[in-house]
Amino acid sequence: MTTTRVRNGGGARLRRLPALVLVAGLALSTAGCLSSRGPATTGGIDPARLAQASETDLRSASDTLARRNAADPGDARVAIAYAQVLRRLDQRAQAVAVLQQASMRNADDKVLAGAYGRALADAGRLQEAQEVLARAHSPQNPDWRVLSAQGAVADQLGDPARAQRFYEAALNLVPGEPTVLSNYGLSLALSDQLTRAEVMLRQAAAHPDADARVRQNLALVLGLQGKMDDAEAVLASDLPPAAVAANLDAIRTMVAQPNSWERLRRAEDQG
């Protein structure tokens, strides 16, 4: 799917299929260092500015951060910011390499470990991501962003029950956080619990901090229940008519397939 966000977290990022802006993925990036809940605590770039940056601006920022990173690969805050920009430029492997180098020099930096774990998941290295994220916080000092990222990874590894425990733990820390609710809602959808998924995603979409990605997740779940008029109204709040039509066609195609749930899971795995 073409996307409006990075994957996890993403972006997570919206899963990519031809001509679509529809979500079938998990918010690995927005659940982590791109969250609107304070880049100062994560060492990253202001997420609003990053989301609105043009490709030219992103490449300029990448060049500047590359020079700073080369001068001091152990500067964790620069590494995190550089990796954020690289992920927005869809340079996932390079983002992992930058964070890996910084992590080797900052073994006890849990913020850096969280960013590294999300970047690994973004690159599809799920087992490694799971191990790194487990070290990114502690039961005594849990981080809701890491919990949500751990849930997204568990979902992609085919363990929705475990994923949902992570989301519930995150929501105990930040009740109503739309990125966590969105991940949780998609997890329920992947478990064929569409009614619960809709409730969760409507709550997420009603939050003042919810973005287009959250609303697109809601539209997906509405469409999978056959509520196409509702799905169209949700999509139309963010997308031009041609994109709305493409997304609705994709949902209809998915619903018409006898193995639609397996197709949704495959889209999640291949994102």
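**Note on an aromatic pair and a helix contact**

1. At 0% relative accessibility, Tyr 167 counts as buried (under 20% relative accessible area, 1.4 Å probe, protein chains only). Tyr 184, at 4% relative accessibility, also counts as buried.

2. The model is predicted, so local features need pLDDT of at least 70 and side-chain atom pairs count only at pLDDT 80 or more, while totals for chains, interfaces and linings use all residues. Residues are numbered from 1 along each chain as its sequence is written, and side-chain values use heavy atoms, with hydrogens and water left out.

3. The structure holds one aromatic pair (ring centres within 6.5 Å). The centres of the Tyr 167 and Tyr 184 rings are 5.7 Å apart and the planes stand at 35°, so the pair is tilted (planes under 30 degrees apart would be stacked, over 60 edge-to-face, the rest tilted). Tyr 167 belongs to helix α8 (residues 160-173) and Tyr 184 to helix α9 (residues 178-190), so the pair ties together parts 17 residues apart in sequence. Helices here are DSSP runs (H or I, at least four residues), numbered from the N terminus.

4. Helix α3 (residues 76-88) and helix α5 (residues 110-122) have axes that come within 10 Å and cross at roughly 20°. That makes α3 roughly parallel to α5 (angles under 35 degrees). The crossing of α3 past α5 is left-handed (the near helix is turned anticlockwise from the far one by less than a right angle).

5. On α3 the contact (heavy atoms within 4.5 Å) is made by Ala 76, Arg 77, Ile 80 and Arg 87. On α5 the residues are Val 111, Leu 112, Ala 115, Arg 118, Ala 119 and Asp 122. The contact residues divide into six nonpolar, no polar and four charged.

Conventions
Axes fitted to C-alpha atoms, helices over the stretch in contact; angles between N-to-C directions. Helix = DSSP H or I, 4+ residues; strand = E, 2+ residues; numbered from the N terminus. Parallel < 35°, antiparallel > 145°, perpendicular 65-115°, else oblique. Nonpolar A, V, L, I, M, F, W, Y, C, P; charged D, E, K, R; others polar. Phe/Tyr/Trp six-rings, centres within 6.5 Å; stacked < 30°, edge-to-face > 60°. Buried < 20%, exposed > 50% of the residue type's maximum accessible area, 1.4 Å probe, protein only.
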